Amino acid sequence: CDHVPHVPTASTSSDEEDDSDSSTKPIRSEKKKNPASLFQTGGDPPKERKSKKKVPPKEAESEEETPETLQKNSNKKGKAKKSKKKEERPPSPVIEVDNLEEFVLQPAPQGVTVKCRVTRDKKGMDRGLYPTYYLHLDNDKKVFLLAGRKRKKSKTSNYLISIDPTDLSRGGENFIGKLRSNLMGTRFTVFDNGANPDRANADWSNVRQELSAVVYETNVLGFKGPRKMTVIIPGMNADCERVPIRPRNDNDGLLMRWQNRNMDNVIELHNKAPVWNDETQSYVLNFHGRVTHASVKNFQIVHSSDPDYIVMQFGRVADDAFTMDYNYPLCAVQAFAIALSSFDGKL
């Protein structure tokens with residue numbers, strides 16, 4: 001793992017006035033643990049030479065308050081004052097996408113926010129087609145990363161994700177992953193392009209991995225309040241690589257592990273609760289200039305042990321355009337699929 005010093009995503013002060021309470025302002029990061037440690041779960045098979053690193057990260061999975069996290073939360077208030085500097089939002093760092101297939105499955109580099117844009121193309125909807133979603137890097141070159149579209153004939157919502165904007169077929173070699181929902185449309189699982197467990201080879205190495213799962217809590221108040229999301233992802237091993245989770249059947253996937261609180265090598269994340277703002281009479285989150293339109297679809301995903309480290313944020317900037325930024329340990333496919341789940345009709 002190259003431990004790049006963590007640049008807090010929040011420090012990119014917005015071009016607009018900051019309308020959030022002080023708790024969302026950047027906190028000086030010297031005293032913070034490296035956020036990467038929140039996601040390390042050891043992973044199996046254990047790597048011998050790194051074994052001494054594997055004891056502390058346990059606390060990242062069990063959400064118990066250790067004295068250390070209590071300490072960390074109790075002294076937040078004093079550090080939150082920071083002068084408001086009006087500076088332009090820095091452009092996305094230069095990100096090299098040499099091999100697209102590799103890049104979209106690789107975790108974001110530590111300390112770098114990968115800034116993207118999602119556009120929704122409604123062409124063909126009059127002919128009963130679903131919209132197509134495109135993901136590009138939000139930089140000068142607007143590099144294409146992924147395309148996604150819901151499949152027509154599925155009983156449940158089923159989105160195909162492809163590395164070719166013109167080929168959204170299940171059989172093509174550009175198919176890189178899919179997002180599948182339960183019948184209710186409240187739980188989603190993201191798979192890579194591996195084989196169905198029925199077609200496993202002897203050592204199971206060709207079987208598809210589960211890259212993440214998303215659970216939407218149905219809001220008792222109807223659509224009045226903010227949505228609640230839980231995002232479940234595989235943990236990272238000592239080399240900062242994703243622990244492969246290849247379920248042998250439906251009872252072994254991320255959702256079942258999470259439901260049974262079997263959290264070995266599994267990390268639970270949540271959307272950051274928006275704060276009610278009396279002036280605007282609405283719930284607000286501070287996106288630091290990256291989001292310009294209010295929408296129930298806007299969200300930020302965080303780990304409860306460090307709510308200032310934004311693992312992913314997504315929000316509307318125009319009718320059919322959204323920004324999507326993600327950080328370590330997410331990869332583009334995970335973040336894009338989580339965003340696609342938020343568009344789904346039943347929510």
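Which residue in the hairpin of strand 3 and strand 4 takes a positive phi? Select Lys142: its phi is positive, near 50°, and the hairpin has 6 residues between its strands. Keep in mind as you look that this is a predicted model.

Now colour strand 3, residues 132-137. Of its 6 residues, 5 are buried, so this strand is largely enclosed by the rest of the structure. On one hand, strand 3 pairs with strand 2 (residues 114-121) in the antiparallel sense over 6 bridges; pick Thr119 and you'll find Tyr134 as its bridge partner. Strand 3 also pairs with strand 4 (residues 144-150), again antiparallel, over 5 bridges. There, Thr132 has Arg149 as its partner.

Next, select Thr113, in the loop between helix 4 and strand 2. Its relative accessible area is 15%, so Thr113 counts as buried. Show side chains, and you'll see a polar contact of 2.9 Å between Thr113 and Asn327.

Phe39 sits in the segment before strand 1 and Tyr328 in the loop between strand 16 and helix 6, so the pair ties together parts 289 residues apart in sequence. Both Phe39 and Tyr328 are buried.

Then pick out the cluster that ring pairs make from Tyr133, Phe299, Phe314, Phe322 and Phe343.

Last stop: charges over rings. Arg208 lies over the face of Phe191, 4.2 Å from the ring centre, and the charged end of Arg248 sits over Trp204, 4.1 Å from the centre of its ring.

Note on methods. Residues are numbered from 1 along each chain as its sequence is written. This is a predicted model: local features need pLDDT of at least 70, side-chain atom pairs count only at pLDDT 80 or more; totals for chains, interfaces and linings use all residues. Side-chain values use heavy atoms; hydrogens and water are left out. Buried means under 20% relative accessible area, exposed over 50%, partly exposed in between (1.4 Å probe, protein chains only). Helices (H or I, at least four residues) and strands (E, at least two) are DSSP runs, numbered from the N terminus. Two strands pair if DSSP finds at least two bridges between them. A polar contact is a pair of N or O atoms within 3.5 Å; within protein, one must be able to donate a hydrogen and the other to accept it, and residues adjacent in sequence count only if both atoms are side-chain atoms. Rings of Phe, Tyr and Trp (its six-membered ring) pair if their centres lie within 6.5 Å; planes under 30 degrees apart count as stacked, over 60 as edge-to-face and the rest as tilted. A charge sits over a ring if NZ of Lys or CZ of Arg is within 6 Å of the ring centre and within 35 degrees of the ring normal.
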